[in-house]
Amino acid sequence: MVGAPGSGKSSWANEAVKHYPDANIVSRDKVRFSMITEKDDYFSKEKEVFNEFISQIADSVKHHEITIVDATHMGKKGRNKVFNKLTSTLENVTLRAVVMITTLETCLERNAQREGLALVPESAIARMYGGFEMPTVEEGFKQIALIDEDWKEWYLWDGSL
C-alpha cells in the first residue's frame, strides 16, 4: 500500500481481504500501537516497530497466498528499506503496489476524524504527502494499481509513461 495517512489504505485493505480467503494484512500502525502508549512519542520505538513489521511480513508471505502490507511507503527509499530486509523472503513473490490517489485535503479531513494514537499531526501528513514518489517497476513491482479516493476509478499501470 502506498499513500499518505488518511488516504484510505487501511479501509481499502480491509475491504480487499473480504474477497480473498487466504489474504492477510500486516499493518505497521497495528504493530506500532501494540508497542506504544498514549504517553509515548509516536516514533519512540521505531527500531522495534520496524523489526516486528518485517518479521510479520516475512511470516505472512510464508503462510498466506496474499499479503497486504499496510503502511505509507511514500518514497522509494522507505520501500527499498523494507525490500532489502526481506530480500530472501521475496524471491518468488509477485510485488504489486496499490497507490491511493487522494488529495491532501481529503487526507486531512479523514485524519481529523481519528482519535488517540491514530491521529497524525497535520504537519506530518503534509510532509509525507509532499514526499510522495510513485512506485516503479524498477523497484521490483510487477504492477502498480492507482485507486482514486472514492474507489470508483482504478488504473493498472506497468510503470511506463
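A salt bridge is a side-chain nitrogen of Lys or Arg within 4 Å of a carboxyl oxygen of Asp or Glu. Side chains of opposite charge can pair when their charged atoms come close. The model is predicted, so local features need pLDDT of at least 70 and side-chain atom pairs count only at pLDDT 80 or more, while totals for chains, interfaces and linings use all residues. Residues are numbered from 1 along each chain as its sequence is written, and side-chain values use heavy atoms, with hydrogens and water left out.

The structure contains 4 salt bridges. Among them is a network that links R28, R32 and E46. Helices are DSSP runs (H or I, at least four residues), numbered from the N terminus.

E46 also meets R32 in a salt bridge, at 2.6 Å from N to O. Here too distant parts of the chain are linked, with E46 in helix α3 and R32 in helix α2, 14 residues apart.

How accessible are these residues? Buried means under 20% relative accessible area, exposed over 50%, and partly exposed in between (1.4 Å probe, protein chains only). R28 is buried at 17%, R32 is buried at 3%, and E46 is partly exposed at 22%.

Another salt bridge joins E15 and K18, whose closest N and O atoms are 3.1 Å apart. E15 is partly exposed at 32% relative accessibility, whereas K18 is exposed at 63%.

Definitions and conventions:
Helix = DSSP H or I, 4+ residues; strand = E, 2+ residues; numbered from the N terminus.
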